[in-house]
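Thanks for coming. I have one structure to show today, so please look at the screen.

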Amino acid sequence: MVQLTLPKGSAPKKGKTWPKPEGKKVKKFKVYRYSPEEGGNPRWDTYFVDMDQCGPMILDVLIYIKNNIDSTLAFRRSCREGVCGSCAMNIGGQNTIACTRGWEEIAGPHITIAPLPHQPVVKDLIPDLTNFYAQHAYVQPFLKTDTPEPEKEWTQTEEERELLDGLYECILCASCSTSCPSYWWNGDKYLGPAALLQAYRWLIDSRDEATGERLDDLEDPFKLYRCHTIMNCAQVCPKGLNPAKAIAKIKHMMVERVA
Amino acid sequence: MTTSAKSVRGLGSAGAGTQHHIRQRVTAVALLFLVPWFLYSIIVACKAGYEGALTWVAQPVNAILLILTLSAALYHMRLGIQVVIEDYIAKSGTRQALLILNTFAVIALAAATILSVLKIWFTAGA
Ligand code: SF4
Ligand code: FES
């Protein structure tokens, strides 16, 4: 059953408010905090950051907070330039990656920062994406062929290669899947936009010979057909990709094979 | 303890879903034509009063189109409610019970409405 209320112990409470510094450009941030060791409910901690001392991105804000205000804050990041996907979180109510979202882009008196929705929280802004990664593995995101490998390499025409544009750029940040209501309700069975975008990336690869098997693996009311074209995925993708369109194309392939 | 791979694979692919997808769209296309006709007809039939409406329904073309509209709409509704049930009811026993109920309700509605049209058609002028 759909859970319209948070499970016991997971509704965030008001947390600590950290001191407000002097400065002309002080911005207020409400950050989701949860630590399994401490137990208890999660809480919203309030931080004030002097933006004259801080870089332009939300990730800069988090790093500033960790270095200068509260070293206990936990979050993931690696590349800090939008290629690794590890800093995905919910910023100002929208899933995105923290390292490419400028704080000035977000309107309102304060900015909320929370982990990606509807996933178990490991700590603070770090979600447990085990299920998400297993869904990616399910679509077997690698080239599958029976024909013996050519001596040099598998070749593609330029047009064939172009079919992969808008698909291969995915950084697996999970912003799309965790923004999808269908994924919230049925994330255990629905593969979600990110995994399906990757499924399509291999379905239309001119070199791949497992198209039929791949479609077989997706032919399911839950794994594929839970997509109701809600389009949150396309709206939030920080790389500007459109998983909903890829899913629609998978459905076209399914129809083509029976009619 | 189950691994994440095991839980994602679950019971495997059902090997179904595309037929539902196709039928939902085919009935939608049919309704695209039938519903405007139906709305127009309701207005015409209502203007003619009770006796006029009966005469209107009793005309074979109208009766046939009415039955087609009812069939397409009810089948489309069954498919749609099925999706809602699958979306929101995670417990498999409850879900299956509701899916059966959905089918029964739609068949009952179809029987009642289509037989009503047939009755008017066949008994007109009698
Ligand atoms: S499609 Fe976009 S939002 Fe989804 S995982 Fe890939 S990069 Fe992230
Ligand atoms: S730190 Fe790599 S995408 Fe943000």
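**Two chains and a ligand**

In this model, 28 residues of chain A touch 23 residues of chain B, where contact means heavy atoms within 4.5 Å. The model is predicted: local features need pLDDT of at least 70, side-chain atom pairs count only at pLDDT 80 or more, and totals for chains, interfaces and linings use all residues. Residues are numbered from 1 along each chain as its sequence is written, chains are lettered from A and ligands numbered from 1 in the order in which they are written, and side-chain values use heavy atoms, without hydrogens and water.

Between chain A and chain B, about 1,900 Å² is buried, and carbon and sulfur atoms give 54% of that. Buried area is the accessible area (1.4 Å probe) that two parts lose on being put together, summed over both.

How many salt bridges cross the interface of chain A and chain B? The rule finds two, taking a side-chain nitrogen of Lys or Arg within 4 Å of a carboxyl oxygen of Asp or Glu. A salt bridge joins the side chains of Arg226(A) and Asp87(B), at 2.6 Å from N to O.
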